[in-house]
Amino acid sequence: MHHRLIDIFERWLYPKAFESAILISLILSLLAISYSAVLYTGGTYFAYLHLFYVAIVFSGFFFSIHGGLIVGLLASLMIGPFMPLNVEEQIMQPTHSWITRSFFFMLIGGVSGIGSAIFRAYLKEIKEKYLTNPISNLPNFLGVETIFDKKIQTINDMALILIDLRNINEIEIAIGPARVDTLLRRVAADLKNGIPGDVIIGHVQTSVFTILVEDSSRIDAVVKLCRLALKSSYMIDNIPIFVEEFFGISCFPEDDNNFSGLFGKARMAINYGAKQAKSLAKYDLTVVDPSGENAVLLTALDEAIKNDELQIHYQPKIELKTGKVYGLEALARWTHPEKGEIEPSKFIPLTERTMLINPFTKWMLERTFKDMANWQAAGKNLKLAVNFSLRNFHDRTIIEKVLELVAHHNLDPTHIEIEVTESAFSTNMPEIIKTLTYLREKGITISIDDFGTGQASQQYLFQLPIDGLKIDRIFVSEMEHNPAAQAIVQSAVSLAHQLKLKVVAEGIETEQQFKMLAQMGCDLGQGYLISAGMPYDQLLRWLDNSDKKYAL
Ligand code: C2E
Ligand code: MG
Ligand code: MG
């Protein structure tokens, strides 16, 4: 049953002064109408006395057993010994007749009262179900919201503390949903036992508990109690489970005047805190609305793509052995009219979470392939590498676009490379494998970007059909002084060669790194030592002066 309907029932089944006055007037009117009907139609001999049952049942329903009995008695008296059987002929009722009737009036009043009591109990039960989290038996979102709405009628200072068990999904994968329920019950019990009873504890989403505190000056004290009450690890079926608790706080009425609003803001505070590795954050104006900012950024980027406001920088890759320029990687650049330069690492992940990654990549392809046609026409035989997010492979039209542009500009597909980054997690591996295989059949080269950093790098290595890998710059930048980084680079190079893959080292900044990589047998290198990314015109000038500059 919908909770609004329950509210309506509740209002009339547990009447306050106003509702009681209306109901009593209604019952009295019904009694008066029934009495008049009996009197003016000529006495109890006629059927109208049954009208009284309406008032009796009604009272039983709304005022329980005693209501039903009182009105039953009242009705019995109204058409009792003083009401004639036949008014016109002044024949009075036989005694047994009104006594029997009185009995039935009271019986019906009582039964109606009992029926109403059963209905009330049922209503209470479904209401509780509606407002309670079945796992922990604490109030759920609607439950806490109802309590909140009631409280703010009299209180004008309240704080909401949100507790998010951030790693609940990983825990669930590790130990299964049934044990997660056990864990949640334990957390609920710890909160209930550890915090004094004058706060409202709720369990509003699987991983989220809430605490309503009257009087926001007590926030710190209550948070302290929560931290004491909650353990950082729980033993469930002899398995130790580590729980990451994050706290977010918002206050009524400063931050918002309704529960949903406060909830959203406390959530925002949590996310903001988590980004800075802080487990406690209070909502305030410095906790900017990230979704709002992102939305603005995405709209602006959409415009920028349509208006051709993005630029492309090309960064050369050279052969480490010969120093010859091998190819160019295209990197997106965005100069926002107000915000200035926005780094790709800021806007690419945003586009990946929306469908904007596809129009963006199409734009990149159009622009870079055109540039490539130009440098080919100028007699420069260089490969072009473009970056693809795994998400791109879900859109057939992007793949077709690649082939279409290759044909349109009459390019050599073996000179085109796609660097696949793992920045967006992808689930549909079989589809991606199919697409990559298709592209390779057409002659296009595929390599894995940022090798070694992504969690799935190794897995991709044996799942994806690829031609090369790029060792992430993190290892390159560390390799001079850190033997572990050096070992990783060395093993990535050998691994690549054993698998007949071409290996590129990115982020080369020093001569020393260059030398070490060349000695290890790394095929290609890229980095600020050679050159940063450059706009197309500058690139052409750079290429003219680059011959053999980097040979050892
Ligand atoms: P990436 O593909 O690994 O690109 C290499 C990044 O390292 C570039 O940063 C480049 O400027 C930077 N870099 C190059 N040499 C050096 C060096 O010697 N030292 C240091 N510290 N950095 C160096 P950028 O341009 O900021 O791009 C960041 C990431 O954004 C790229 O990483 C790539 O994953 C993504 N990205 C850029 N353009 C695109 C694009 O068109 N499509 C997609 N899907 N992703 C792109
Ligand atoms: Mg790349
Ligand atoms: Mg990279």
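Questions and answers on a predicted model follow.

The model is predicted, so local features need pLDDT of at least 70, side-chain atom pairs count only at pLDDT 80 or more, and totals for chains, interfaces and linings use all residues. Residues are numbered from 1 along each chain as its sequence is written, chains are lettered from A and ligands numbered from 1 in the order written, and side-chain values use heavy atoms, with hydrogens and water left out.

Student: Which protein donors does the magnesium ion (ligand 2) have?
Tutor: Donors are N, O and S atoms within 2.8 Å of the metal (3.2 Å for Na, K and Ca); water is not among the atoms, so sites may look incomplete. Here the protein donors lie 2.1 to 2.2 Å from the ion. Their spacing along the chain is E-x57-N-x31-E-x29-D. They are E329 (OE), N387 (OD1), E419 (OE) and D449 (OD).

Student: Which residue coordinates both the magnesium ion (ligand 2) and the magnesium ion (ligand 3)?
Tutor: The two ions are 4.1 Å apart. The residue that coordinates both is D449.

Student: How many residues apart in sequence are the parts that E419 and D449 tie together?
Tutor: Strands (E, at least two residues) and helices (H or I, at least four) are DSSP runs, numbered from the N terminus. E419 lies in strand β14 (residues 416-421) and D449 in strand β15 (residues 445-451). The pair therefore ties together parts separated in sequence by 30 residues.

Student: Is E419 buried or exposed?
Tutor: Buried means under 20% relative accessible area, exposed over 50%, and partly exposed in between (1.4 Å probe, protein chains only). D449, at 7%, counts as buried. E419 has 0% relative accessibility, so E419 counts as buried.

Student: Which residues lie nearest the centre of the largest pocket?
Tutor: On a 1 Å grid over the protein atoms alone, a pocket is an open set of points where a 1.4 Å probe fits, with protein on both sides within 12 Å along at least five of seven lines; lining residues have an atom within 4 Å of a point. The largest pocket holds about 1,000 Å³, a volume being the space filled by probe spheres set on the points. Its lining has 39 residues. Nearest the centre are E329, L331, P344, N387 and R473.

Student: Which helix gives the most to the lining of the second largest pocket?
Tutor: This pocket holds about 480 Å³ and is lined by 17 residues. With six residues, the top contributor is α1.

Student: Which strands stand at the edges of the open sheet of five strands?
Tutor: Two strands pair if DSSP finds at least two bridges between them. The order is β4-β5-β3-β8-β9, with mixed pairing. Each edge strand has a single partner, so one side of each is left without a neighbour in the sheet. The edges are β4 (200-205) and β9 (280-282).

Student: Where does P253 lie?
Tutor: The peptide bond from F252 to P253 is cis, with omega near 5 degrees. P253 lies in the loop between β8 and α9 (259-275).

Student: What is phi of K500?
Tutor: K500 is found in the loop between α17 (483-498) and β17 (502-506). K500 is exposed, with a relative accessible area of 73%. K500 is not a glycine, yet its phi is positive, at about 60 degrees.
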